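Me: I am new to this structure and would like to learn how to read its features one at a time. Could you take me through them slowly?

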Amino acid sequence: MRPLQPVGAGARIVLGALFFALFIGVWAAVTYGGVVPALFLASPGRALASGWALLAEYGFAFDIGVTVWRVVGGFLLAALVAVPLGLLMGAFKPVEAFFEPFFSFARYLPASAFIPLLILWLGVGEAQKLAVIVIGSVFQLVIMVAAIAGGTRRDLVEAAYTLGSRPLSILRRVVIPAAAPQVAEALRLVLGWAWTYVIVAELVGASSGIGHMIMDSQRLLDTGQMIFGIVTIGVIGLVTDLLFKAVNRWLFPWAVL
Amino acid sequence: MAAPMSAYPLHIQGVTRSFPGQGKAGPTLALQPTDLTVAPGEFVAILGPSGCGKSTLLRIVAGLDRPSGGTVRLGAREVTGPGPDRGMVFQSYTLFPWLTVADNIRYGLVERGVPAAEQREILARFLARTGLQGFENHWPRQLSGGMQQRTALARALANDPEILLLDEPFGALDHQTRELMQELLLEIWQEGDGSGVAGGRKTVLFVTHDIDEAIFLANRVVVMSARPGRIKAEVEVALPYPREWMVKTTPEFAALKARLMGEIREEVRRAATG
């Protein structure tokens, strides 16, 4: 091993899978070996069996669907507001000066702390779940998009001016296309955070969703179900992340992502 | 250049530029009051040591920087900002990375709303003229530095500017590529609009610190002093056009080079010590 030397594609997959195997191996050893009582941690087999029961008998697929819908809905709402606003802030400094100080403050407000207020305002329905995700991601996303757009290469902007571009077409033909790949990467990051917020929102005052199932399982002390729920989120997260990456590569073949 | 010739003279009158000081330091003068007139169809090289303000002067002509005093006029119009009448090629690679070679060249045409058929015709002409056929669908990152600068030159020319501003466009290229690019630029410029008369050419203002490059290309070399920059000498290059690379081996070329080296050495030394 030498610093920064690349690793081959095959070796990369083998090494990545190896850690998964090691992780599951340790988990199996401590549970089947009786190091940790089943009350606190279910074995891998028990978690899988609980998962099968959840899917087959308790309609867990519906919960997964509801949670995915909330994540996507909240994420899209946040993106719909944050991306245009962030681009405008990055491109036009007075707009940035107007919004930036407040948003820099607002992004430190913990979304989960809003849950009691949001229940008061919006009840325990879907609007409240979406609101938690939007509050949790919109300010972060605005700040990131503004920084990306604000970092547009000045020499490209100058070149466009000497080719006859006017300010609005600088925004449309230089700032936006230049920022697009990094904005897509920022969206990918934020989608990951949205998954954290949705579960927090579902732990309180929800009647469906993966988070709700995990809370129910806690009452029954069914650690197998809880673990299966958490792993489900991880798997969905990994799959969406890979999809997002693939879409970004396909959308922006000119960029080196 | 197979494009309409330039018609308007460029007048630079009393242009100065100072940059505000940092902290308690006073403002820094980058450019002393400078006068320069460039006639239509001229190829003028601005030669000077690095940091002498030659790029600042060119950026002021382009409208990308504002003078602290004085005026720049192209014909009767005063320059107050950048515009497509003053095309520019930069030292850094400024192709739009998200556009193919063809779309980069068409950028200014799209901006002006040139009809699609005419765009295609202009694109084909400049792809051919700069030797980029077969690369029209490549992304800029797939091109060598020399090809990127050829595309940048085609992009500026396709827009048919009144004057072409070149800010050390070949400065980042290796020596051999740089010489090829100089010859390409000179060929395109010498062709003019195809009418065969000297007046059929575009006005070019070319910033460089390379003496050979200045003599080889320009009909007039303006030498700038070390910072704060001012024009310290103007040298006519009486070598007849069309020129070819062999001109670099003539005694006339050597004599001009000796003279310009004398002018420049003094300034480089002042810039280095000063």
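**Reading the model**

Reply: Leu54(A) counts as buried because it has 22 C-beta neighbours inside 10 Å, where buried means 20 or more other C-beta atoms within 10 Å, exposed 12 or fewer, and partly exposed in between, with C-beta atoms placed from the backbone. This is a predicted model, in which local features need pLDDT of at least 70 and side-chain atom pairs count only at pLDDT 80 or more, while totals for chains, interfaces and linings use all residues. Residues are numbered from 1 along each chain as its sequence is written, and chains are lettered from A and ligands numbered from 1 in the order in which they are written.

Me: Where is the place of Leu54(A), and which residues does Leu54(A) touch, not counting those up to four places away in sequence?

Reply: Helices are DSSP runs of H or I with at least four residues, strands are runs of E with at least two, and both are numbered from the N terminus. Leu54(A) belongs to helix α2 (residues 44-57) of chain A. Contact means that C-beta atoms, placed from the backbone, lie within 7 Å, and, leaving out residues up to four places away in sequence, Leu54(A) touches Phe60(A), Gln225(A) and Phe228(A).

Me: How many residues does each chain give to the contact between chains A and B?

Reply: Chain B gives 22 residues and chain A gives 15. On the side of chain B that touches chain A, β6 (86-89) and α3 (107-112) each supply at least two residues, and α3(B) gives the most, with four.

Me: What follows α8(A)?

Reply: After α8(A) comes Gly205(A), which has a positive phi near 60°.

Terms used. Two residues are in contact if their C-beta atoms, placed from the backbone, lie within 7 Å.
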